[in-house]
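User: I would like to learn how to read a few features in a structure file. Could you take me through them one at a time?

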Amino acid sequence: MNTIILGIFEEGLIYAIMSLGVYITYKILDFPDLSVDGTYPLGAAVTAALIAAGANPLVAFPMAFIAGVLAGTVTGVIHVKLKVRDLLSGIIVSLGLYSVNLRVAGTANVSIFSKDSIFNNPIVNAVFPEGIKSLATVIILFVIVIVCKVLLDLYLNTRSGYLLRAAGSNDRLVTALAKDKGTVKILGLAIANGFAALAGGIMCQKQGFFDVNMGTGTVVIGLANVIIGTRIFKNVSFVKATTAVIIGSIIYKACVAIAINCGLNPGDLKLITAVLFLGILVISNMKKERHKKNAQA
Amino acid sequence: MKKNELMKRAALFTAMAMLTAGLTACGSGAESTESVSDTADTTVAEAAAEETETSGASEESTVSGDFTIGIGQFAEHGSLDNCREGFLQGLSEEGIVEGENLEVTYNNANADGSIASQINQSYVGSGVDLICAIATPMAQSAYAATKNTDIPVIYTAVTDPVAAELADAEGTPVGNITGTSDKLPVEEQLKMVREILPEAKKLGIMYTTSEVNSESSVAEYKELASDYGFEIVESGISTSADIPLAADTLLNDVDCVTMITDNTVVASLPVILSKAAAKNIPVFGSEIEQVKKGCLAAMGLDYVELGKQTGHMAAKVLKGEAEASDMSFELIAGASFYGNTKVAADLGIELPASLTDSAAEMFDTVEE
């Protein structure tokens, strides 16, 4: 039973990093970014290629992030400069990334079991004695997630971060400040996809292999995490949105684990996710409607 | 205003609670099995293993002791289903019978990597005695999930365990994991095609670029083709939507086509067969199911047999006769010939007696 809970936290924390990215695009920029399906495995491909070539697992972190930033920039440029609709620019980029990922990794499936990773190396094995070794992965992930969250929180409070937030909710303000809202959007997409790629890279190190199909459905998981998290903690003022997204991610993975453990056919999971998704959206829409009515009355 | 706010939140929470309740309600049945396996856990399994060792060779009846295993299959797919069936048959041949002394939990990841890893984690969590992983990504994920535990993993339908880093170059397992490989008997297949079609020059192969198994098969075909006077024409696709066009192009350029165990291409076999039939081009299969469906012939695998062989390995581990970490992975012993006389007649080809005489099975109909 303990392993299941550990598993939920492991998976949930990794997807939380990706969800922080989806939070930027979907919640802050109001941009449904589908390129995540391609950038998540891109990070894994970069990580697998580097580690297979003998690079230090820590080096794979910034490299995966940078790869994601580049891909996100492409989505942004396609949308802002080439005036392609938001959904389409994401689809185009994630489609193209499939081939890029194959090229980067070399083949469709790369194993790095035999190499050191951030979860399995002489230092980690020395720090964590045999008894609590199973906790090591969760502890390491927890630290990474907290670092990501704090960095994102700090960034959102900088001048550039304020502009990013303004671009989503009130883009006239950005223009009034004599800033180009397109550039702000590109920047947001770049950071968001950087997080997605970073998450993919960490997943690759945790599971010990890259598979070209591992990105399928990432964006749906990301959206579900963001929506579950932000809805539940909507009116709890002391919980920051970024924290809410991380908790939402763990809740989502817990639901999946419960479903699998109660013998549900994993094939039906997507339908359940869809229903859960719709349910939360409908309920929150009902709330908005009533707000409006109240405002009128 | 405040009151309304509260009510809405209450509504949201109720909805969430109902959902969770629904999930747990449907789980109540399975939870009981979980608690059973929790108590059964390793102690019972170990005791059972010791018991069988001391009681010696009582092989005719079922082995005493209760075993719990989790089977994780990567995708829904005829060959993989056969593997699973064969696996359970193999276990029962060794006296470990589902429903009697074996409790089996089966889950299919439907080709979703994140679900695959959660399936394996749930097996580890419920403390199964052994995990059976079917297909490469499932085996890799099972290995990752069991790394810090003593749960053995037995895999099957992994084409290249060495490339997947589940075994080293000598075939020794990298951990508490072993199984069987479904590596194609490429040389035998080429020999057979040459025997049936003495004149053929260009042999076409279609494969999915995302399937690493296929890549290694194609590479092996290319390496051996010239020994038998063939030139390989390859056609890589990325999704099943590409298959009709790719098939048209490929069939214009080749004398015959051979299938490999590529999941996407095999799933669209009927499309390729009907296009090939229109051009009177023979298509060779890579395993029994494909010959049933209308491939001319195959020197190939019987996945049920492969599964059985895997089941025997798993039985050894469960009974405590061997450790998974000490057993090298196995290849299926020998390839067998499968032919389809109906397809041969349609193509106007006669299958040589040298092959049909030693055939494992011949078919005279095409399964729809």
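User: Let's start with burial: is Phe195(A) buried or exposed?

Analyst: Buried means under 20% relative accessible area, exposed over 50%, and partly exposed in between, with a 1.4 Å probe and protein chains only. Phe195(A) has a relative accessible area of 7%, so it is buried. Before we go on, note that this is a predicted model, where local features need pLDDT of at least 70, side-chain atom pairs count only at pLDDT 80 or more, and totals for chains, interfaces and linings use all residues. Residues are numbered from 1 along each chain as its sequence is written, chains are lettered from A and ligands numbered from 1 in the order in which they are written, and side-chain values use heavy atoms, leaving out hydrogens and water.

User: How many aromatic pairs are there over all chains, and how do I read one?

Analyst: A pair of aromatic rings is described by the distance of the centres and the angle of the planes. Rings of Phe, Tyr and Trp (its six-membered ring) pair if their centres lie within 6.5 Å; planes under 30 degrees apart count as stacked, over 60 as edge-to-face and the rest as tilted. The whole structure holds 4 aromatic pairs over all chains. One of them is the stacked pair of Tyr15(A) and Tyr40(A), at 5.5 Å centre to centre with 20° between the planes. This pair links distant parts of the chain, 25 residues apart: Tyr15(A) sits in helix α1 (residues 2–28) of chain A and Tyr40(A) in helix α2 (residues 36–52) of chain A. Helices (H or I, at least four residues) and strands (E, at least two) are DSSP runs, numbered from the N terminus. Both tyrosines, Tyr15(A) and Tyr40(A), are buried.

User: Why is the pair of Phe65(A) and Phe195(A) edge-to-face?

Analyst: Their ring planes stand at 85°, with the centres 5.8 Å apart, so Phe65(A) and Phe195(A) make an edge-to-face pair. Here too distant parts of the chain are linked, 130 residues apart, with Phe65(A) in helix α3 (residues 57–80) of chain A and Phe195(A) in helix α9 of chain A. Phe65(A) counts as partly exposed because its relative accessibility is 27%. Elsewhere, ring pairs link Phe113(A), Phe209(A) and Tyr143(B) into a cluster.

User: Which arginine lies over the face of Tyr106(B)?

Analyst: A charge sits over a ring if NZ of Lys or CZ of Arg is within 6 Å of the ring centre and within 35 degrees of the ring normal. Arg84(B) lies over the face of Tyr106(B), at 4.0 Å from the ring centre. Arg194(B) is placed over the face of Phe230(B), at 4.0 Å from the ring centre.

User: What is the strand order in the open sheet of chain B?

Analyst: Two strands pair if DSSP finds at least two bridges between them. The order of this open sheet of 4 strands is β7-β6-β8-β9 (chain B), with parallel pairing. At the edges are β7 (231–237) and β9 (283–284) of chain B, each pairing on one side only. Within the sheet, β6 (residues 202–208) and β8 (residues 256–258) of chain B pair over 2 bridges in the parallel sense, and Gly204(B) has Val257(B) in β8(B) as its bridge partner.

User: Which strands does helix α6 of chain B lie across?

Analyst: Axes are lines fitted to C-alpha atoms, for helices over the stretch in contact (heavy atoms within 4.5 Å). Angles run from 0 to 180 degrees between N-to-C directions. Helix α6 (residues 212–225) of chain B lies across β6, β7 and β8 of chain B, at about 165° to β6(B). Helix α7 (residues 243–251) of chain B also lies across β6, β7 and β8 of chain B, running at about 165° to β6(B).

User: Which way do the residues of strand β10 of chain B point?

Analyst: In a regular strand the side chains alternate between the two faces of the sheet. In β10 (residues 297–300) of chain B, Ala297(B) and Met299(B) point one way, Ala298(B) and Gly300(B) the other way, and all are buried. Strand β10(B) runs antiparallel to β12 (residues 336–340) of chain B, joined by 4 bridges. Met299(B) has Phe337(B) as its bridge partner in β12(B).

User: What does Ser122(B) touch?

Analyst: Not counting residues up to four places away in sequence, Ser122(B) touches Ile4(A), Ile260(A) and Asn261(A). Ser122(B) is found in helix α3 (residues 113–125) of chain B, and its relative accessible area is 5%, so it is buried.
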